[in-house]
Amino acid sequence: MEKAVTILTILLLPHYVMTQTNINTDQLALLSFKSQISSDPFHFLNESWSPAISVCRWVGVICGSRHQRVKSLKLSNLALTGRIPRDFGNLTFLVSLDLGNNHFHGNLPQEMAHLRRLKFLDLGLNSFRGEIPSWFGFLHQLQVVNLRSNSFTGSIPPSLSNASRLEILEISTNLLEGNIPEEIGNLHNLKSLSIEQNQLTGSIPFTIFNISRIEVISFSYNSLSGDLPNGLCNDLPILKELYLSGNKLDGRMPTSLSNCSRLQILSLSGNNFDGPIHNEIVRLSNLQKLYLGYNHFTGIIPEEIGNLVNLVDLSVENNQLTGSIPNSIFNISSLQSLLLWGNNLSGCLPGEIGNLTKMQFLNLKENRFTGEIPKDIRNLVELEEFDVGFNSFSGSLPMEIFNISRLRTIQLSDSNLNQH
């Protein structure tokens with residue numbers, strides 16, 4: 001019997017030693033990480049991360065039940081300052097890493113390429129610098145990468161496309177330059193791609209518009225140029241949000257946009273688009289926010305725009321639009337913001353303007369409107385800002401408008417209205 005017990009002990013000992021070594025490896029890696037923390041104002045790590053306590057009970061640490069290895073590290077929003085040490089790459093069972101909204105800095109160590117099980121990575125809202133590592137492409141399990149609001153430089157590595165399971169790629173608000181690599185279009189599982197507020201140039205690769213599962217594309221505030229492909233929405237059946245504002249895009253608005261039938265937000269403001277606002281856009285029946293301001297659109301606002309019955313924000317300011325405001329706009333009862341200023345719009349405001357009872361921001365300045373302001377304006381009980389300056393109105397501003405309790409700003413400069 002004693003012999004059997006001895007044999008069993010010998011058989012189990014290597015597993016026991018290996019398990020202990022692995023736990024110790026994780027503990028040493030985290031203690032090395034702790035040693036690189038120069039500021040822990042809330043003392044979370046100082047008080048909890050002690051060799052005298054099991055690493056699986058440390059603040060922010062979760063261990064897997066099977067291997068008793070560190071599988072999750074969540075230290076977001078703790079105002080920590082520090083760097084990631086090379087030893088961090090020894091946390092080879094790590095599945096989720098969240099260091100978001102702290103003050104971490106420095107480069108990401110090459111050794112992090114060993115984190116082959118990693119699925120979730122959030123390093124957003126820190127001060128990391130250097131180039132986005134090409135070794136991200138070796139982390140084939142990655143599903144979420146958030147590097148937003150750091151100081152990463154250089155170009156977007158094409159090797160990112162090797163992380164084929166990636167669903168969310170958030171690298172906005174950095175200092176990235178160069179072109180968007182065509183290889184990004186190979187990320188067929190991508191649902192959200194955000195690279196806004198960088199210094200990217202060149203045209204938008206057509207391959208992006210072949211990612212059939214994508215729901216959010218956010219490229220605003222770069223220096224992207226060229227026109228949008230005419231087949232823009234042919235392969236984007238579930239696209240919900242498209243942000244392209246603040247670039248140097250030009251040409252006509254593609255009529256194929258109407259094929260993005262689930263689109264809820266379309267932001268094209270601050271570019272060099274020209275030509276008319278085409279009627280096809282009214283097929284976007286789910287559209288809630290439409291931003292077309294600061295372009296060179298000409299012609300009229302299509303009467304059919306009233307078919308966008310879910311519209312909350314409509315911004316077509318600072319273009320070269322003519323004609324009157326379509327009466328159908330005043331039937332969009334969900335409208336909260338209507339910005340039409342800086343065009344060549346004319347005509348009178350109809351009494352139907354009183355239908356916009358949810359309106360909060362109404363800006364009609366710098367146009368050629370005439371006639372009186374309808375008394376029905378009093379129905380805009382949610383109104384906060386009202387600007388009709390630099391027009392050719394007549395008569396007086398209806399006194400009823402002053403009964404709107406939320407109204408903070410009224411601008412009547414050079415509107416021709418009598419002011420009492």
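What volume does the largest cavity have? I looked it up: about 30 Å³.

**Ground rules.** I am working on a predicted model, where local features need pLDDT of at least 70, side-chain atom pairs count only at pLDDT 80 or more, and totals for chains, interfaces and linings use all residues. Residues are numbered from 1 along each chain as its sequence is written, and side-chain values use heavy atoms, with hydrogens and water left out.

**Cavity.** I count one cavity of 30 Å³ or more. A cavity here is a set of points on a 1 Å grid over the protein atoms alone where a 1.4 Å probe fits but cannot get out; lining residues have an atom within 4 Å of a point. The volume is the space filled by probe spheres set on the points, which are joined across faces, edges and corners. I find Ile156, Leu169, Ile171, Ile180, Ile184, Leu193 and Ile195 lining the largest cavity. That lining splits into seven nonpolar, no polar and no charged residues. Ala, Val, Leu, Ile, Met, Phe, Trp, Tyr, Cys and Pro count as nonpolar, Asp, Glu, Lys and Arg as charged, and the others, Gly among them, as polar.

**Strands.** I take strands as DSSP runs of E, at least two residues, numbered from the N terminus. Pairing needs at least two DSSP bridges. S24 (residues 320-323) runs parallel to S26 (residues 344-347), joined by two bridges. Threonine 322 faces asparagine 344 there. S26 also pairs in parallel with S28 (residues 368-371), over two bridges. Serine 346 stands opposite arginine 368.

**Phi.** Glutamate 366 has a positive phi, near 60 degrees. I place glutamate 366 in the loop between S27 (361-363) and S28.

Methods
Helices (H or I, at least four residues) and strands (E, at least two) are DSSP runs, numbered from the N terminus. On a 1 Å grid over the protein atoms alone, a cavity is a set of points where a 1.4 Å probe fits but cannot get out, and a pocket is an open set with protein on both sides within 12 Å along at least five of seven lines; lining residues have an atom within 4 Å of a point.
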